[in-house]
Amino acid sequence: MNILQINASARRATDAEGSVSTRLANELTAGLLAASPAATVTVRDLAVTPQPVLDEAALGALFTPADQRTPEQAARVALDDALIAELQAADTVVIGVPMYNFNVTAQFKNWIDAVARAGVTFKYTEKGPVGLVTGKKVYVVTSRGGIHRGQPSDQMTPYLRTVLAFLGMTDVEFVYAEGMAFAAEQGLADARAQITGLLAA
């Protein structure tokens, strides 16, 4: 089994400090490894190596035929290619992403824009788009300052379900660490209980 862990916080994590979503994603990945010791793990930490934004220059590179790209354009496309290759090679994907201003972080949106490529990770058909990144189990570990799960303010969960399904990933489980701004210990305990339940299943 190949596990891809994507840390999508703007902050790094240490054992007991920094990004909560990354710390919990680390714990979930450790649990998966305990169950499958032969598994390999690839960690993509977007706080350490941020993916560039999809801007006009990047679009120009993507829409230029590969044999006509400048060295700069080829280097820019290669950054996206690396993320796509990691995703395609994974059997299980663990995403640690906090809620910032009611949705995903800019770091994770840049990752989505990098891996969503027509003809590679999805295709358009007469019956609508079809995701090409299939057969993967996805865990999304998200931390929030307030309580949003199941509320209209949680625009993040439906967005992630939509974009992951668009790419072909429909087997998605969520872990929520909520109330971190005022009840952090309870939020962590609840999230860890959810992780334990998922691993047991």
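The model is predicted; local features need pLDDT of at least 70, side-chain atom pairs count only at pLDDT 80 or more, and totals for chains, interfaces and linings use all residues. Residues are numbered from 1 along each chain as its sequence is written, and side-chain values use heavy atoms, with hydrogens and water left out.

Helices and strands are DSSP runs numbered from the N terminus (helices: H or I, at least four residues; strands: E, at least two). Helix α1 covers residues 20-35, which makes 16 residues. The expected span of a helix is 1.5 Å times one less than its number of residues. Several residues of α1 are buried, among them V20, L24, L28 and L32. Buried means under 20% relative accessible area, exposed means over 50%, and partly exposed lies in between (1.4 Å probe, protein chains only). The buried residues of α1 pack against the strands β1 (2-7), β2 (40-45), β3 (92-96), β6 (137-143) and β7 (171-177), and also against helix α6 (184-200). Contact here means heavy atoms within 4.5 Å.

Helix α3 (71-89) was examined in the same way. Its 19 residues should span 27 Å, and its end C-alpha atoms are 26 Å apart, so the values again agree. The buried residues of α3 are R76, V77, D80, L83, I84, E86 and L87. They pack against β1, β2, α2, β3 and α4. A89 also lies in α3. A89 counts as partly exposed because its relative accessible area is 46%. A89 and A189 are 100 residues apart along the chain, and their C-alpha atoms are separated by 32 Å.

Empty space was examined next. Rolling a probe the size of a water molecule over the atoms shows where empty space is left. The search used a 1 Å grid over the protein atoms alone. A pocket is an open set of points with protein on both sides within 12 Å along at least five of seven lines. A cavity is a set of points where a 1.4 Å probe fits but cannot get out. Lining residues have an atom within 4 Å of a point. Grid points are joined across faces, edges and corners, and a volume is the space filled by probe spheres set on the points.

The largest pocket has a volume of about 250 Å³. Its lining includes L54, L59, L62, F63, D80, I112 and R117. Helices α2 (56-62) and α4 (106-115) are the elements that give two or more residues to this lining. The most comes from α4, with 3 residues. The lining divides into 8 nonpolar, no polar and 3 charged residues. Nonpolar covers Ala, Val, Leu, Ile, Met, Phe, Trp, Tyr, Cys and Pro; charged covers Asp, Glu, Lys and Arg; the others, Gly among them, are polar.

The structure holds 1 cavity of 30 Å³ or more. The largest cavity has a volume of about 30 Å³. Q51, P52, V53, L54, R76, D80, N110, D113 and A114 line this cavity. Helices α3 and α4 each supply at least two of the lining residues. Again α4 gives the most, with 3 residues. The cavity lining holds 4 nonpolar, 2 polar and 3 charged residues.

R117, a pocket-lining residue, sits in the loop between α4 and β4 (122-125). Its side chain is joined to that of D81 by a polar contact of 2.8 Å. A polar contact is a pair of N or O atoms within 3.5 Å; within protein, one must be able to donate a hydrogen and the other to accept it, and residues adjacent in sequence count only if both atoms are side-chain atoms. Beyond its neighbours within four places in sequence, R117 is in contact with L62, V77, D80, D81, I84 and F122.

T142 lies in strand β6. T142 counts as buried because its relative accessibility is 1%. The side chain of T142 reaches the backbone oxygen of V97 at 3.0 Å. Leaving aside neighbours within four places in sequence, the contacts of T142 include P98, M99, M156 and Y176.

Most residues other than glycine have a negative phi. N101 has a positive phi of about 50 degrees although it is not a glycine. For F102, phi is near 75 degrees, also positive in a residue other than glycine. N101 lies in the loop between β3 and α4, and F102 is found in the loop between β3 and α4 too. N101 counts as exposed, because its relative accessibility is 75%. F102 is partly exposed, because its value is 42%.
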